[in-house]
Amino acid sequence: MVIKTAALVANDNNNNNNDMVVTPWEVKGKVDYDKLIKEFGTQPLTSELLNRVGAHTGKLHLQLERKIFFSHRDLDTVLDLYDKGTKFVLYTGRGPSGPVHIGHLVPWMFTLHLQQKFKTRLYFQITDDEKYLVNDERDLGETSKWSYENALDLIALGFKPEDTFIIYNTKDIDLLYDISLKVAKRITYSTARSSFGFQDSTNIGWVYWPALQAAPCFIHKKLTGENVPALIPAAIDQDPYWRVTRDVAQKLGYCKPAQIHCRFLPGLGTNGKMSASMPETSIFTIDQPDDVKKKIWGAFTGGKPTAAEQRKTGANPAICSIFQYYHYLFEEDLSKLKEREHKCITGEMLCGECKKDIAEKLNKFLEAHRERREKAKDTIEQYHIKR
Ligand code: TRP
């Protein structure tokens with residue numbers, strides 16, 4: 001299997017469907033996370049490092065316990081500084097290309113946990129400009145509308161306005177522009193091309209754009225005078241941005257941003273991450289209960305063609321998209337998760353039961369989420385980054 005990072009995809013016209021593709025704009029195929037660590041040159045999250053995090057947070061968050069966050073850069077450095085009394089800020093974001101699905105909420109929930117335990121500020125960038133530039137058909141009004149809608153989903157998770165600062169790129173460009181210029185001046189086209197796979201036909205807005213995703217890494221110094229590192233919890237596909245940003249940070253007098261990388265929540269189909277471009281395989285926060293049931297019912301599982309066969313030979317949770325939901329989010333108790341796995345493997349529990357349970361859990365979660373999302377309409381302005 002070949003790993004295709006941005007540069008390779010750009011130079012390869014014979015993409016095989018099963019090849020793994022991981023770029024900031026496309027994730028496809030079966031993702032091999034160990035290979036990504038090697039290819040991207042990141043560090044695995046070791047148990048030693050997890051223990052250090054646990055010393056601050058108490059019981060490890062589910063997403064660390066299950067290695068959903070599995071890799072990092074400089075998390076150890078950030079913790080060293082924190083132990084000596086220098087805080088960090090959190091930074092993550094969202095490309096507003098459509099409604100938010102459960103896969104987007106996974107790293108945001110973890111970000112909230114870090115924010116609460118380490119008592120740090122969060123900068124959250126909403127990149128309506130990026131989503132406009134990278135897609136021929138989208139217009140700017142559309143991506144700006146999704147910015148608002150997606151911010152409601154973030155707020156609904158429980159972030160507090162005192163320490164959560166949402167940056168809407170086109171509205172807040174005045175805060176980002178000077179920083180992005182400094183970054184852009186120090187990244188050559190040749191570096192950008194090899195990091196992102198730009199081609200002759202790439203529009204020049206897109207070529208500049210990475211400097212805007214870099215800017216929030218450094219915005220805290222501009223707003224407060226404090227020079228502290230940003231820690232970025234995000235899916236691993238965003239890593240090329242951080243590689244180029246880290247290269248220029250110190251030359252500009254800033255701390256290098258640190259990262260903690262997560263996996264993608266698989267979609268309900270056979271392969272790949274949950275993706276808004278395949279709506280039948282994604283659960284959106286705005287999906288109504290019947291849609292959720294329908295999607296879950298049509299999901300790919302590790303089950304056998306007949307109930308009789310499954311009772312006899314058992315099923316395979318390792319390839320089951322439904323089991324992943326329990327693993328990533330909906331079964332916090334590890335022993336119960338193991339029990340479910342065992343019952344699946346031995347044929348004691350059939351897919352219908354598992355699907356029914358998850359549809360109920362999902363709908364319960366989504367109902368409460370939608371209520372909080374409605375309430376967020378009254379407070380959303382309080383989260384908008386202030387000058
Ligand atoms: N590029 C991201 C996307 O398309 C959005 C984003 C901006 C982001 N800044 C970020 C994601 C920081 C994670 C961390 O979704």
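Reader: Which residues lie nearest the centre of the second largest pocket?

Author: The model under discussion is predicted. In it, the second largest pocket holds about 670 Å³ of space and has a lining of 28 residues. Those nearest its centre are Lys 30, Pro 266, Ala 318, Ile 319 and Gln 324.

Reader: Which helix gives the most to the lining of the second largest pocket?

Author: Two helices, helix 17 (321-330) and helix 18 (334-345), each supply at least two residues of this lining. Gln 324, one of the residues nearest the centre of the pocket, falls within the range 321-330. With five residues, the element that gives the most is helix 17.

Reader: How many charged residues has the lining of the second largest pocket?

Author: The lining includes 13 nonpolar and nine polar residues. Lys 30, which lies near the centre of the pocket, belongs to the charged class, because Lys is counted there together with Asp, Glu and Arg. The number of charged residues in the lining is six.

Reader: Which residues are closest to the centre of the largest cavity?

Author: The structure holds three cavities of 30 Å³ or more, and the largest has a volume of about 120 Å³. It is lined by 14 residues. The closest to its centre are Cys 320, Cys 344, Leu 350, Cys 351 and Cys 354.

Reader: Which elements give two or more residues to the lining of the largest cavity?

Author: By class, this lining has 10 nonpolar, four polar and no charged residues. Cys 351 and Cys 354, both among the residues closest to the centre, fall within the range 351-383 of helix 19. The elements that give two or more residues are helix 17 and helix 19.

Reader: What classes of residue line the second largest cavity?

Author: About 70 Å³ of space lies in this cavity. Its lining includes Val 53, Leu 64, Phe 88 and Ile 260, and helix 5 (75-83) and helix 6 (102-118) each give two or more residues to it. Val, Leu, Phe and Ile all count as nonpolar. The lining has no polar and no charged residues, and 11 that are nonpolar.

Reader: Which polar side-chain atom lies 2.9 Å from a nitrogen atom of the ligand?

Author: Around the ligand there are 14 residues, and Tyr 91, Gln 125, Glu 130, Gln 213 and Gln 238 come nearest. A polar side-chain atom of Gln 125 lies 3.0 Å from a ligand nitrogen, and the value for Gln 238 is likewise 3.0 Å. The atom at 2.9 Å belongs to Glu 130.

Conventions: Residues are numbered from 1 along each chain as its sequence is written. This is a predicted model: local features need pLDDT of at least 70, side-chain atom pairs count only at pLDDT 80 or more; totals for chains, interfaces and linings use all residues. Side-chain values use heavy atoms; hydrogens and water are left out. On a 1 Å grid over the protein atoms alone, a cavity is a set of points where a 1.4 Å probe fits but cannot get out, and a pocket is an open set with protein on both sides within 12 Å along at least five of seven lines; lining residues have an atom within 4 Å of a point. Grid points are joined across faces, edges and corners, and a volume is the space filled by probe spheres set on the points. Helices (H or I, at least four residues) and strands (E, at least two) are DSSP runs, numbered from the N terminus. A residue is near a molecule or strand if one of its heavy atoms lies within 4 Å of it. A polar contact is a pair of N or O atoms within 3.5 Å; within protein, one must be able to donate a hydrogen and the other to accept it, and residues adjacent in sequence count only if both atoms are side-chain atoms.
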